[in-house]
Amino acid sequence: MTNEYLSKPLPSEEEQQDFYQKLRAKVQTWLDNKSGLVGKLGKYVLFAPDLFHLLTKMMFDNRIDAKSKGMIGAGILYFFAPLDFLPEILVGPGGFADDVVVAVYIVNTLLNKFPNEVIEEHWAGDEELLSVIRGISDSGSKFVSKLPAGRLVKRFLK
């Protein structure tokens, strides 16, 4: 059964891009109707599909070592984990905020290990990757660190 599954071809680039664009559009629509803290965190939540896409593309990059791919795989799985700090099923797309924290930590770690070009060539977001990472990191103490995942990452980094 496993071999059959592995032998199936990946979705085409067009199908992958279509899924990515649909997910981003759904998150944007949801955020347009929110105010308060969720509205303020909105621009960071919108990076969730971009960061997920980046992590997925990096899994298939042969220049990235197996240990780093293990970390990337854990980040991808965190997006799907039904029980995370802010479950999407309970808080909607706002639940992606903690996923963004985890993904930014992973990408930041990879940016410190590999040349920026290796990571940036997989980035599909509208803004420059380093600007996004810097912006989320700078705002982290203000908004993101209030999230349980933000506090967890801070403890892990100490």
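## How H4 and H5 cross

Helices H4 and H5 cross in a left-handed way, where left-handed means that the near helix is turned anticlockwise from the far one by less than a right angle. Helix H4 covers residues 47-59, and the angle at which it packs on H5 is about 145 degrees, with the axes 9 Å apart. Axes here are lines fitted to C-alpha atoms over the stretch in contact, and angles run from 0 to 180 degrees between N-to-C directions.

H4 brings Ala 48, Phe 52, Leu 55, Thr 56, Met 58 and Met 59 to this contact, while H5 brings Lys 69, Ile 72, Gly 73, Gly 75, Ile 76, Phe 79 and Phe 80. Contact means heavy atoms within 4.5 Å. Sorted by class, that gives 9 nonpolar, 3 polar and 1 charged residues; Asp, Glu, Lys and Arg count as charged, Ala, Val, Leu, Ile, Met, Phe, Trp, Tyr, Cys and Pro as nonpolar, and the others, Gly among them, as polar.

## Where the model comes from

This is a predicted model, so to speak of a local feature takes pLDDT of at least 70, side-chain atom pairs count only at pLDDT 80 or more, and totals for chains, interfaces and linings use all residues. Residues are numbered from 1 along each chain as its sequence is written, and side-chain values use heavy atoms, with hydrogens and water left out.

## H5 against H7

H5 (residues 66-80) also packs with helix H7 (residues 96-113), at an angle of about 170 degrees and with the axes 9 Å apart. The two are therefore roughly antiparallel, a label for angles over 145 degrees. H5 passes H7 in a left-handed crossing.

On the H5 side, the contact includes Ser 68, Met 71 and Tyr 78, and on the H7 side Phe 96, Val 102 and Ile 106 are among the residues involved. The residues of this contact divide into 9 nonpolar, 3 polar and 3 charged.

## A look at His 122

His 122 sits in the loop between helix H8 (116-120) and helix H9 (129-140). With a relative accessible area of 15%, His 122 is buried (buried means under 20%, with a 1.4 Å probe and protein chains only).

The side chain of His 122 makes a polar contact with the side chain of Asp 61, at 2.7 Å; such a contact is a pair of N or O atoms within 3.5 Å, one able to donate a hydrogen and the other to accept it. Leaving aside neighbours within four places in sequence, His 122 also touches other residues, including His 53, Leu 54 and Lys 57.

## The whole chain

The chain has 10 helices and 0 strands, counted as DSSP runs of at least four residues for helices (H or I) and at least two for strands (E). Of its 158 residues, 44% are buried.

Definitions and conventions:
Angles under 35 degrees count as roughly parallel, over 145 as roughly antiparallel, 65 to 115 as roughly perpendicular and the rest as oblique. Buried means under 20% relative accessible area, exposed over 50%, partly exposed in between (1.4 Å probe, protein chains only).
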